[in-house]
Amino acid sequence: MSVTTITKAEEVIQNVKTGDTLMVGGFGLIGSPLTLIDELTRHEAAELTVISNNVGETGKGLGILLQQGKFKKAIGSYFTSNREVAQWYNAGKLELELLPQGTFSEAIRAGGAGIGGFFTKTAVGTELANGKETKDIDGETYLFEKALKADVALVRAWKADTNGNLVYYKTARNFNPIMATAAKYVIAEVDEIVEPGELSPEEIVTPHLYVDAVITSRLILTKDGVKERE
Amino acid sequence: MIAKKAAEQLVPHSIINLGIGIPTLVANYLDQENYYLHTENGLLGVTSVEEEDIDPLIVNAGKLPVGEAIGASYFHSADSFAMIRGGHVDVAILGALQIDSQGRVANWAIPGKDIIGVGGAMDLIAGAKKIIITTNHTAKDGSPKFVESCTYPITSTRRADTIITDLAVFEWRDDGYELTELMGDATLAEVKDNTTASYRVSDMLSEKENAK
């Protein structure tokens, strides 16, 4: 069954519950679902595990939710872009799981594709391999990594049609298409919603069967930072 | 100077991934029509961009604004790293905190500081066909970066093929690094004084030195 709801951020955010695991797209603020994140700042859900490459930037994007103490754990590859992450971690108020960016993205892809885990050469022999299973395949050592899945994914796309098919814009694509496959409930934030048929079937990156709800974005990233759409 | 030397090492039509810092500067010395720059956040065909043409949604792995070449393509992060791990990227040029005699690179964490970011460094060293390290020869405090054995956490067990510093170029041979070229006015003695790694000097450089 595939019914995609065209809805409002304040309504659809109610699907996020305390204790949920949340995937959030974006490479820093680029391709980050800023409107949905803003809505989360006013939503009661807490104790969240967030799966996102970064925890936004200091006081921006997911960085606001960090300041509000809504995260129990963060899984990502590059938390350095928000200096406050280390402060929360050192104070014992945030668990961290650091993965190489390729392992992180492949784990999400696997999660959405029904694969339980995979073996990779990345990180073999490093501190990030500590405690992980290894296997020799054709004379080379590989490391086992488990797939990642989530309760809810917040993704940012460029356009959606009313069926929920998605296309993306430039490097704002990043982790969004894979996250859209790996969560039980997927909410897409887009610039524009069009009628079915207006997007060419060949250009659709995320087919609608992955998408549960679509909202129009209110907050956008501009040259001058995050702004309200005019 | 380091970036220019790295650019000279690249074969036209190669697929190249540039890391943050000195590696980013390599693009300035490339004829951009003849090289394909890959960035792990999902673009093949990175170019430089003029201030007035900046699009905040087109960035490189360092989150700096870039442009897109004619014939460029965009893809998601899992595809981007499949290209890297799958050996489809010809050269990765990366910075380093330390490199050791065995060719192991440390470039993601400093002991005693919070280890909270790794990004794509481990995937790039594990997967690219050729690894070029570009770095200053010594750290800011003057201590050698090319050391006998890394004391910082290593990024991969896979070795770097070429090291380019402000003093010298080293190439990995069968069993260790060979100093193949001196940069600018650098001397063999200067390299020796600022290096704790073991390496040998190429026959050509030794002969030049003896001829003096």
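**Reading a two-chain predicted model**

Modeller: Let us begin with α5(A), where 12 of the 12 residues are buried, so this helix is largely enclosed by the rest of the structure. A residue is called buried if 20 or more other C-beta atoms lie within 10 Å of its own, exposed if 12 or fewer do, and partly exposed in between, with C-beta atoms placed from the backbone. This is a predicted model, in which local features need pLDDT of at least 70 and side-chain atom pairs count only at pLDDT 80 or more, whereas totals for chains, interfaces and linings use all residues. Residues are numbered from 1 along each chain as its sequence is written, while chains are lettered from A and ligands numbered from 1 in the order in which they are written.

Colleague: How many residues does α5(A) have, and what span does it reach?

Modeller: Helices (H or I, at least four residues) and strands (E, at least two) are DSSP runs, numbered from the N terminus. The expected span of a helix is 1.5 Å times one less than its number of residues; α5(A), with 12 residues, reaches 17 Å from its first C-alpha to its last, close to the expected 16 Å. Its buried residues include Phe104(A), Glu106(A), Ile108(A) and Arg109(A), and just after the helix Gly114(A) takes a positive phi of about 75°.

Colleague: Which element supplies the largest share of the side of chain A that touches chain B?

Modeller: Two residues are in contact if their C-beta atoms, placed from the backbone, lie within 7 Å, and by that rule the contact takes 41 residues from chain A and 33 residues from chain B. The largest share of the chain A side, 6 residues, comes from α5(A). By class, that side has 20 nonpolar, 14 polar and 7 charged residues, where Ala, Val, Leu, Ile, Met, Phe, Trp, Tyr, Cys and Pro count as nonpolar, Asp, Glu, Lys and Arg as charged, and the others, Gly among them, as polar.

Colleague: What do the buried residues of α3(B) pack against?

Modeller: They pack against α5, β6 and α6 of chain A together with α4 (121-127) of chain B. The buried residues of α3(B), which covers residues 77-85, are Ser77(B), Ala78(B), Ser80(B), Phe81(B), Ile84(B) and Arg85(B). Seen down the helix axis, the buried residues of α3(B) fall within an arc of 155°, so they line one face of the helix; the arc is that of the directions from the helix axis to the C-beta atoms.

Colleague: Which residues stand opposite Asn17(B) in the neighbouring strands?

Modeller: Two strands pair if DSSP finds at least two bridges between them. Strand β1 (residues 15-18) of chain B pairs in the parallel sense with β2 (residues 36-39) over 3 bridges, and β1(B) also pairs in the parallel sense with β5 (residues 91-94) of chain B over 3 bridges. The bridge partner of Asn17(B) in β2(B) is His38(B), and in β5(B) Asn17(B) stands opposite Ala92(B).

Colleague: Where does Glu47(A) lie, and is Ala123(A) buried or exposed?

Modeller: Most residues other than glycine have a negative phi. Glu47(A), however, has a phi near 55° and lies in the loop between α2 (34-40) and β3 (48-51) of chain A, where it counts as partly exposed with 13 C-beta neighbours inside 10 Å. Ala123(A) has a positive phi of about 80°, sits in the loop between β6 (117-120) and β7 (134-137) of chain A, and is buried, with 25 other C-beta atoms within 10 Å.
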